[in-house]
Amino acid sequence: MRIVLLGPPGAGKGTQAIRLAAALNVAHLATGDMLRGEVAAGSDLGKLARGYMDRGDLVPDDVIIGMIKQRLAGAQGMILDGFPRTVPQAEALDRSLEDAGLPLDRVIFFNVDPDELVRRLSSRATCSKCQRPYNLIDAPPGTQGVCDHCGGEVVTREDDRPEAVRHRMEVYQRQTSPVLDYYRDNGRVAEIDGQGTPDEVYERLLAAARD
């Protein structure tokens, strides 16, 4: 299956995409993880993307589309998480998949209350060494600032700081919400409630993916 997960920042797409990809035995393609990997590696793409990411802005379409096309080569099934974020990206994805004879099966939208999104994003942190995620309110590391898994430093990403969170929400409303309208016009959207426990949300997601 080829599925796109859509929703605002903090909706839980990344966590649920990992579980869904394992259940369906398909690739999980997360543009955020790919970009952060490029930044950590100090690649030309990473250097280009870092300034946009630190401000909470979207990385330009041509950069993202080129990266995704490389990952699509040879992939029969996939869960796309964090892509597409603009209508041109959605149109480019449709063209790439149709050219390969592998059209998109489903788009699943996570509906979450805005106040809950701000709470989630502002409490996120990540190990700077192994990238293990933490929630500083609900699931902090055992020792403040130290990763339970590898002992690395647990930090708040620049794009999860309060001022960047507010900006990301504005960017989402302005640039990413139209993507949902694009897919709705094509009758490919299933909407699920993104609030509740992770297991509750996952059951809704799995049902929508298999419907």
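Modeller: Leu6, Gly7, Phe109, Tyr172, Thr176 and Leu180 line the largest cavity. This is a predicted model, where local features need pLDDT of at least 70 and side-chain atom pairs count only at pLDDT 80 or more, while totals for chains, interfaces and linings use all residues. Residues are numbered from 1 along each chain as its sequence is written, and side-chain values use heavy atoms, with hydrogens and water left out.

Colleague: What makes this space a cavity and not a pocket?

Modeller: On a 1 Å grid over the protein atoms alone, a cavity is a set of points where a 1.4 Å probe fits but cannot get out. A pocket is an open set, with protein on both sides within 12 Å along at least five of seven lines, and a lining residue has an atom within 4 Å of a point. By that rule there is one cavity of 30 Å³ or more. The largest cavity holds about 30 Å³, a volume being the space filled by probe spheres set on grid points joined across faces, edges and corners.

Colleague: Which helix gives the most to the lining of the largest cavity?

Modeller: Helix H7 (residues 162-185) does, with three residues. Helices here are DSSP runs of H or I with at least four residues, and strands are runs of E with at least two, numbered from the N terminus.

Colleague: How do you know how many residues of this lining are nonpolar, polar or charged?

Modeller: Ala, Val, Leu, Ile, Met, Phe, Trp, Tyr, Cys and Pro count as nonpolar, Asp, Glu, Lys and Arg as charged, and the others, Gly among them, as polar. The lining therefore divides into four nonpolar, two polar and no charged residues.

Colleague: And what is the volume of the second largest pocket?

Modeller: About 480 Å³. Of its 15 lining residues, Arg36, Val39, Arg50, Asp54 and Arg157 are the closest to its centre. This lining divides into five nonpolar, four polar and six charged residues.

Colleague: What makes strand S4 largely enclosed?

Modeller: Buried means under 20% relative accessible area, exposed over 50% and partly exposed in between (1.4 Å probe, protein chains only). Five of the six residues of S4 (residues 106-111) are buried, so the rest of the structure largely encloses this strand.

Colleague: How do you know that S4 pairs with S1?

Modeller: Two strands pair if DSSP finds at least two bridges between them. Strand S1 (residues 2-6) and S4 have four and run parallel, with Leu6 opposite Phe109. S4 also pairs in the parallel sense with strand S8 (residues 189-193), over five bridges.
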